[in-house]
Amino acid sequence: MLLSYREALNQAMREEMRRDARTFLIGEEVGYYQGAFKVSKGFVEEFGPQRVLDTPITEAGFTGLAIGAAMAGLRPIVELMTLNFGILAMDQIVNNAAKIRYMSGGQISVPMVIRGPGSAAHQLGAQHSQSLEAWFCHVPGIKVVAPATPHDAKGLLKSAIRDQNLVLFIEAQLLYGTKGEVRDGEYTIPIGQAEVKRSGSDVTVVAYSKMLLLAMDAGEELSREGIDVEIIDPRTLWPLDLDTIVTSVRKTGRVVIVEEGWRFCGLGAQIADSVYTVAFDYLDGPIIRVTGEDVPMPYSRVLEDAAIPDRLKVIEAVKQVLGRG
Amino acid sequence: MERTDLLHLYRQMLLIRRFEEKSAEMYALAKIAGFLHLYIGEEAVAVGAIAALRPDDYVISAYRDHGYCLARGSDPRRVMAELFGKATGLCKGKGGSMHLIDCEKRFMGGYAIVGGHIPLATGLAFATKYEQGDGVTVCFFGEGAFPSGQAHEAFNLAALWKLPLVFVCENNRYGMGTPVHRAVALYSDITETARSYGIPAERVDGMDVLAMRSLMEQTVKRVRAGQGPAFIEALTYRFMGHSMADPSHGHYRTKDEVEEHRKRDPLFLLQRTMRDHNLGADADFKQLEHEVNEQVAQAVTFAETSPFPELSALHEDVLVTE
């Protein structure tokens, strides 16, 4: 079935809310407005306002409420209108949700999902365009998922909702309208499993979320030039499926990592470190990272384009890692 | 007034008092480390408030949390073991003084980011309401947390959604060393601000355990009946410093001020009431003193003789592993 990313998320939540009465959706405009990006279309009509809760604009307050509800055995899904606003809830996420199980010596768990779009869309400016996945991945006690396709989005969101832990589920505004084949009926995709999205033998490209689409485009173009790229989507950023990446590295010996977030201390730095640590001997040269620029996101179109990775930058990086740059 | 009941309240306050004194002693001996915030002087708030609750009600608090935990009925041995960082502690030694948690007693924890646990309380109360239960949640916080943004987001949500939640603002007059009049705009009556959210709010003498319990009983009854949240400002006083690093008086308050408040020691006040009504005599208090000292001594022995956690515990309990 051909579905948009938005529809796939809608299906996943709908199926899980039908399945488990403890699951509820909470966030700004998730009910009568149908979600700022229409992900929860039809929810308040089907599940009622007791399970689809519109909140005041208070990220710390309603995220904290959801954490408390999870501590008491409910299964909340928190929608952050964008992950940028999640910064207001960082105290709740980092100091409470991620630590309560550990601090309590395993007495309390926090089974919940916090989801919403990260990364840049079109000229939304510095406060609405951030890729903050590295922040969340840095904190022990949080699983972080960032699917790129409708199929992965549905299967992973269902797993996230069923998970016994806090799962930070990263979407992207520019992905909501993208379409792809989604398997009919019930299915889940395990958290922590990468997927080879394109098989190849010359270079391993690791890319996730929106950057996967960029890498796939680049891969197509490069294949016409006779360069055979293998593309891996980790899908889950923590825990990272290093095995799948390393299996590919053993074959290709060359790695390019693509991420939209800031370069310094970005997630790619960690992925590179992990690859160097376990697969250094298989590498034919240094890993190359394609990243966002270390600047707040500018508004102007030309500057914004310059601040984030594009197809050409990925192509250049692949050629460079092959020594053909 | 009933003798057994009053003796029980007195015993609970005495247990907290002696437990805290012993904790300070153990801190001086380096058996306890990190931050240690003593509850001495404020016992009537925890004991009075918690006496009005059912076992299935939730309690959550900030980091000065030993009192609530003990008043909730946690085993003092396991509380002391937690302070010692031992494997037999409530949280297997992973929480410490500021993060005591006893799920079985529905004491959902001490939290050490000021104001940060108040939204959690709304969630516990929300869950009860969502599942159509009649339990209530009690959230203790200091007047130092009152101005925090998270507190106000929680007040608004609790009132908006009529959550079964009692906010107990324990006004001990100082947020660390900053007196309330330098931190809260409407400091002379904090309940005024709470009422502006549409939350019924009352003030009580937090040194008087009977007044505290009585107000809590009326309040909890209304909240349990589905009338939405309530707010109590309990006026109290911390006899010791903010933490072990802070002397009881000096830079920000005088010895005279502390002495003045000590005249209204909650243990003394209850003892006086009991004597006045012939509901307690020297022999009773002596007996309780003996029992409680014994209980605290046993807690120390238990903590002393318990093993430290195995190093293998380091990576356990980060996540639920299915």
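**Figure 1. Contact between chain B and chain A.** In this predicted model, 32 residues of chain B are in contact with 32 residues of chain A. Three elements of chain B each give two or more residues to the side that touches chain A: β2 (107-110), α5 (118-130) and α6 (149-160). Helix α5(B) gives the most, with 9 residues. By class, this side of chain B has 17 nonpolar, 9 polar and 6 charged residues.

**Figure 2. The open sheet of chain B.** Six strands run in the order β2-β1-β3-β4-β8-β7. Their pairing is parallel. Strands β2 and β7 (201-205) of chain B stand at the edges. Each has a single partner strand, so one side of each is left without a neighbour in the sheet. From one strand to the next, the twist averages 15°.

**Figure 3. Pairing of β1 and β3 in chain B.** Strand β1 (residues 58-61) of chain B pairs with strand β3 (residues 137-142) of chain B in the parallel sense. The pairing spans 3 bridges. In β3(B), B:T137 is the bridge partner of B:Y58.

**Figure 4. Helices packed on the sheet of chain B.** Helix α5(B) packs on the sheet and touches β1, β2, β3 and β4 (165-171) of chain B. The direction of α5(B) makes about 170° with that of β3(B). Helix α8 (residues 209-224) of chain B also packs on the sheet. There, α8 touches β4, β7 and β8 (230-235) of chain B. The direction of α8 makes about 175° with that of β8(B).

Figure 5. The domain assignment of chain A gives domain 1 (2-181) and domain 2 (195-321). Their C-alpha centres lie 26 Å apart. In the contact, 23 residues of domain 1 meet 23 residues of domain 2. On the domain 1 side, α6 (133-137), β6 (143-145), α7 (150-162) and β7 (166-172) of chain A each supply at least two residues. The residues of that side divide into 15 nonpolar, 5 polar and 3 charged.

**Figure 6. Packing of α9 and α10 in chain A.** Helix α9 (residues 242-252) of chain A packs against helix α10 (residues 267-279) of chain A at an angle of about 60°. Their axes are 10 Å apart. The crossing is right-handed. From α9(A), the contact takes A:L242, A:I245, A:V246, A:V249 and A:R250. From α10(A), it takes A:S274, A:V275, A:V278 and A:A279. The contact residues divide into 7 nonpolar, 1 polar and 1 charged.

Methods: Residues are numbered from 1 along each chain as its sequence is written. Chains are lettered from A and ligands numbered from 1 in the order in which they are written. This is a predicted model: local features need pLDDT of at least 70, side-chain atom pairs count only at pLDDT 80 or more; totals for chains, interfaces and linings use all residues. Axes are lines fitted to C-alpha atoms, for helices over the stretch in contact, and angles run from 0 to 180 degrees between N-to-C directions. Helices (H or I, at least four residues) and strands (E, at least two) are DSSP runs, numbered from the N terminus. A crossing is left-handed if the near helix is turned anticlockwise from the far one by less than a right angle, and right-handed if clockwise. Two residues are in contact if their C-beta atoms, placed from the backbone, lie within 7 Å. Ala, Val, Leu, Ile, Met, Phe, Trp, Tyr, Cys and Pro count as nonpolar, Asp, Glu, Lys and Arg as charged, and the others, Gly among them, as polar. Domain bounds come from an automatic or database domain assignment. Two strands pair if DSSP finds at least two bridges between them.
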